[in-house]
Amino acid sequence: LQKTLEQKFPGAGIRNITRTPYFGLYEAQIDDQMIYTDARAAYVVVGAVYDTETKRNLTEARQRALNRIAFSSLPLDLAIKKVKGNGERKIAVFSDADCPFCARLEDDLKNVDNVTIYTYLFPIDQLHPDAARKSRAIWCAPDRQKAWDAFFESGAVPDNKGDCGDPIAQTAELGARYKVTATPTLVFADGSIVPGAIPASRIDTELKSADAEVKKLAAVKK
């Protein structure tokens with residue numbers, strides 16, 4: 001099936017082919033998209049599969065599982081670190097200073113406690129041409145976290161030249177490696193990647209789910 005799909009879709013990245021429990025179909029990832037096909041790849045279905053009992057999007061859940069990264073592989077020294085409460089839960093955020101959805105996420109994160117937040121400065125020049133300058137100034141502030149919070153509270157940009165050696169080129173490479181294409185994009189402790197400004201209630205749910213998954217994987221390794 002792998003070879004057949006590669007012949008039918010030359011040049012595409014075909015991976016993670018698995019037989020599904022529904023309709024006798026196989027699932028496969030073509031580049032970043034999930035498709036479903038028969039054993040001969042005579043037909044291809046593109047779209048989401050839902051469980052009518054649980055109302056769960058099975059395609060989305062499967063893609064999240066397949067696209068997980070190792071949270072431990074993230075270079076945390078390139079991020080702005082903020083500890084809230086006991087900080088026992090972890091989340092990483094790719095954020096653009098001038099992104100309105102990032103501002104919304106910052107508001108929602110105020111309502112999430114007992115978490116350590118690692119923020120990667122990820123300005124998208126095509127959309128926000130001044131975001132890189134602001135990001136450099138924030139990174140070069142004496143207290144980066146305080147400067148980041150102050151910017152979203154009042155729009156204040158630290159008064160410096162932003163020439164202290166910022167990590168923006170490295171965070172851009174990091175985002176490209178993990179296929180981050182929009183801001184905000186969140187990475188949870190189990191390595192699952194969630195794009196978009198999700199509300200505090202869902203962030204809390206995702207944090208709990210990620211912690212449970214991390215513990216389950218640790219138990220399996222033992």
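Does Phe151 count as buried or exposed, and at what relative accessibility? I looked this up first in what is a predicted model, and Phe151 counts as buried because its relative accessibility is 8%, under the 20% cut-off.

Next I turned to helix H5, residues 144–154, where I found Gln145, Ala147, Trp148 and Phe151 as the buried residues. They lie on the same side of H5, since the arc they cover around the axis is only 165 degrees. I noted Lys146, Glu153 and Ser154 as exposed on the other side of H5. Looking for what covers the buried residues, I listed strands E7, E8 and E9 and helices H3 and H4 among the elements involved.

I then checked both ends of H5. At its start, a side-chain oxygen of Asp143 comes to within 3.3 Å of the backbone nitrogen of Gln145, and after the helix comes Gly155, with a positive phi near 85 degrees.

Ser95, in strand E8, is buried at a relative accessible area of 1%, and its contacts beyond four places in sequence include Trp148, Tyr120 and Thr183.

For the rings, I counted 6 aromatic pairs in the structure. Phe94 and Tyr120 form a stacked pair, because their ring centres are 5.1 Å apart and their planes are at 20 degrees; with Phe94 in strand E8 and Tyr120 in strand E9, the pair ties together parts that are 26 residues apart in sequence. Phe151 and Phe152 are instead edge-to-face, with centres 5.3 Å apart and planes at 85 degrees, and Phe152 is partly exposed at 23%.

Last, I noted that the charged end of Arg144 sits over the ring of Trp139, 3.7 Å from its centre.

How values were computed: Residues are numbered from 1 along each chain as its sequence is written. This is a predicted model: local features need pLDDT of at least 70, side-chain atom pairs count only at pLDDT 80 or more; totals for chains, interfaces and linings use all residues. Side-chain values use heavy atoms; hydrogens and water are left out. Helices (H or I, at least four residues) and strands (E, at least two) are DSSP runs, numbered from the N terminus. Buried means under 20% relative accessible area, exposed over 50%, partly exposed in between (1.4 Å probe, protein chains only). Contact means heavy atoms within 4.5 Å. The arc is that of the directions from the helix axis to the C-beta atoms. A polar contact is a pair of N or O atoms within 3.5 Å; within protein, one must be able to donate a hydrogen and the other to accept it, and residues adjacent in sequence count only if both atoms are side-chain atoms. Rings of Phe, Tyr and Trp (its six-membered ring) pair if their centres lie within 6.5 Å; planes under 30 degrees apart count as stacked, over 60 as edge-to-face and the rest as tilted. A charge sits over a ring if NZ of Lys or CZ of Arg is within 6 Å of the ring centre and within 35 degrees of the ring normal.
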